[in-house]
Structures are given as C-alpha cells and as structure tokens.
Amino acid sequence: MAHNSLNRRRFLQHTSAWAGIAVWTGLAGRASGFESANARPRIAAVGTGSRWDHRATGLDGTYGSGKQFPKYGDIVAVCDADTDRRERAAGLVKEWNGAAPDVVADYRAIIDRDDIDIVHISTPDHWHAKIAIEAMLSGKDVYCEKPMTLTIDEGRQMCDVCRRTGQIVQVGTQQRSDEKFLKAIAIIRDGRIGELKQVTCSIGGGPTSPEIPAVDAPKQLDWNQWLGPAPEVAYRSLAGPNGETQSWSRSHYEFRWWYEYSGGKLTDWGAHHVDIATWAMDKTKTGPISIDPVMVKHPVPFKDGYPTADNQYNTATEFLIKAAYADGMELTIRHDLDNGILFEGTEGRIFINRGRLAGKPVEDLATNPLPEGALEQVYKGRPLTDHFRNFFEAVADRKQPVSDVFSHHRGLTTCHLAGIAARLGRKIQWDPRAEKVLNDKQAQSFVSRDKRPGFEIET
C-alpha cells in the first residue's frame, strides 16, 4: 500500500516550472500564472461527496466546493470510494470544464501520476493526513479540507513533510479569507479592545443517534477502502429523517460523530473558530499549557477514553472546556451560546461569526477607521481575495497561503487536546514546545493512533 518515496526529478521539475511561471507574470504577491491557458495547473479531486459539490445543502459553493477549482485550473481526475459519488463528480466536472476527467477508485492512481500538479482532498478526516503526505512526497501541492488531521501526531508529520518538500498546502478554513474575520483580528492587533485576555468559541453541540444496526454496505461503496487507516468494523446505517443523508450511519457526512473518524464538533466547527481564535491570540507557534474539561457529556458510556458501545454516535454532545496559556490568556470552547467567537480585552470586547461583527470597537470604526492596509497586514501582506484564489496565488509564487499547515496544526492541536481531555474526563497538562502531554501516559497515548495494517503513514 505504500507509495511514499519522493520522485526527486518530478519534484524539481514541478517547483522549477512554477517558479518560472511566477517570474513570467511579473506580479509581486499576486502571481497569476494560473490564468494563462498554457499555465493552468492540473488538479485531481480525492473525495467527492456533498462537501465537495454542496449539492445536498443547496449552497452555491462559496465554502469548500470543488466547483471553485475550475476557475483556476483543470480538474483532470476524480476519486472516491463510492462509485455513485465519483461518477456524479465526473459529470459535474464535464459541465464545469467541458471535458470529462479520469475516474478512479484508488487515490494512489493519482499520487503516481506525474502530470497532476494539485490534489484537492475532501475525504473523511481520518484519510486527510495520509493522502496529503503522499501527495506532497510525490511533488504535488495540496488543498485539504478542514480539519487537517485526526490526531496531533499527524499534524506534526504534515508540518515535517511540508517543510522538507517545500510543497504548498492550503487548509480549507475559509474564514481566514473572510473580510469580517480579518477586520476582527485587525481591531485586536490595533489595540482597540486593549490587551486580549479571554476568548470564547461557541461551536454548537453534537448530535445523538438511535441504535444503528449493522447491515451490508451499499454495493456502490468500497467499505474497506472508505475505512482505510481506521479500525475494521461493521458498516452501520439506519434510514430516517436525519440530516442531508436522511439516515444515521458510520459513513457519508455522519462520520463526524464517531471518534474513530473525526473529533465531533470539537474538530468540525472547532477547526474554524479555534483556528481564528489562535490566530488572533498570536498563538500560532505555541499552544496551551493545560486543558480542563469542566463539563462534558457523551451519548454513550466511556471507559479509559474509549466508547463502550459501537452502535451509536459517540462524540461529545455538550461541553465546556478551558484551555490556559503560559501568559495567563484563556480560551474557552463551549457548545451553547451564539455560534461564534467572543474576544474580551482590558478595554472592550467584540463578537464575530459568519453573519456579523459586533461590539463598540466595531461601531467606533465609523469615526476612527483602522489604518490603511490593516486587513492586508493580517492577510500575510497579500491583497484580499477569496480562499481558493489565495491558494492558487501561493502555488504560483511558491509562498505560504493564508491557511498554512503550520498555523493550522497549532490551532487544531488545541481542538485535539480538548477531545482527549473530554474523552478521559480530566484536566491534562501540555508542553507546547515539546508537543507532549505531561505526567499522564494514558492521555499521551491519544496523541497518535495506530493505523490499520496496509494503511500506515510513511514519511
């Protein structure tokens, strides 16, 4: 199963070609080589479910949709463990591109190709790191939907491989390219709320399920391939009035509510709001020193951090978890209150979510605007644009995108630590420099997970 050795010739050709494109355009910080017909990158999509095309929710593709990619490159291959989903994706790509892509069931057929420049990963969370790492090692750039990883150790591996290969990786935390969130951070950095002391991320509670029976997997789904690195278990599904799949299950969309494949709301919405909080707190190179699960409720009993029932959703449904930092700053993650982020400082506070930015410091902008270029400064010194274009600009000029591997790993580590503390039901101490749990071998054991034989990550 291992296809991990870096093709050095391919890697050098790839980076040299894109460096040439960046020089040819002559645009500092806004390289647009991808806009030339002869320079458009070739893209492969791995994972083509509802988050990829957004058909199930009726959204227009603003967030996380494969439909954005044809603006900047050509989708030449699609891959999914579900025959129906990959065939549907092929039809959509033909509509978008005017040409049908190759259709493959095994992502390794994409990794092994020398003519693919970018891999878009929209699989369940437990597959993200393995596919992304193999793509980077084969000389490909990556756009990976959030959350980037299933474990803290996978994040460290992602950072290491990204650093070694020099590949460009954008994480699909689109809030980083939303002007409202950039303005919130600019307000904080300009001292408009004084010294930041407390941040609260309200991310909503997780769902419960009835008992879900073990049944045969649908004929169109390769259940073994879908499971991949995760433990081998029976397929479970129960039809009913639940969400976009109209079912409760262990697979499509509903995988979010099983610790085997995700972290529940703590990494689903946490990957968005805790990421922004970490950025605003200027903690993207460090992390908390303690994580306290003040209140956590799970839908099934747990023993030693593991659910004792395998026929119901098992991620946390309600929670109040506090992360403390060495300088006294505190981040709270909770399920209730208005979905969004509350920043509290010594001289004021602001609230931000996808619909609004509120607070007196925001109102004061009418008479005391932010300095010119303040938002661009937050946006890594680049002109403001959409999240997808930011990625393709980064690919063209070989610079880090706005949602890079390294900062996302630090924010997501806080989410993962919250999950570990929640599962064990106790406070844990964390060394953000060594990236290790202190004085708790059991908690430390959750920092990484064994992969199913044949699906290991090799770096």
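Which residue forms a salt bridge with Glu260, and how far apart are the closest N and O atoms?

Modeller: The partner of Glu260 is Arg250, and the closest N and O atoms of this salt bridge are 3.4 Å apart. Both residues lie in the loop between β9 (247-249) and α9 (265-268), so the pair ties together parts that are 10 residues apart in sequence. Helices (H or I, at least four residues) and strands (E, at least two) are DSSP runs, numbered from the N terminus. A salt bridge here is a side-chain nitrogen of Lys or Arg within 4 Å of a carboxyl oxygen of Asp or Glu. Side chains of opposite charge can pair when their charged atoms come close.

This is a predicted model, in which local features need pLDDT of at least 70 and side-chain atom pairs count only at pLDDT 80 or more, while totals for chains, interfaces and linings use all residues. Residues are numbered from 1 along each chain as its sequence is written, and side-chain values use heavy atoms, with hydrogens and water left out.

Buried means under 20% relative accessible area and exposed over 50%, with partly exposed in between (1.4 Å probe, protein chains only).

The structure holds 32 salt bridges. One of them joins Asp190 to Arg192, with closest N and O atoms 2.7 Å apart. Here too the arginine is buried, with a relative accessible area of 17%, while Asp190 is partly exposed at 36%. Another brings together the side chains of Glu330 and Lys322, at 3.6 Å from N to O. In that case Glu330 is partly exposed at 24%, and Lys322 is partly exposed at 29%.

As to confidence, the protein averages a pLDDT (the predictor's confidence in each residue, from 0 to 100) of 91, and 89% of the residues score at least 70. The pLDDT is below 50 over residues 1-33, a stretch with 67 contacts (heavy atoms within 4.5 Å) beyond near neighbours in sequence. It also stays under 50 over residues 56-64, for which the model has 19 contacts beyond four places in sequence.
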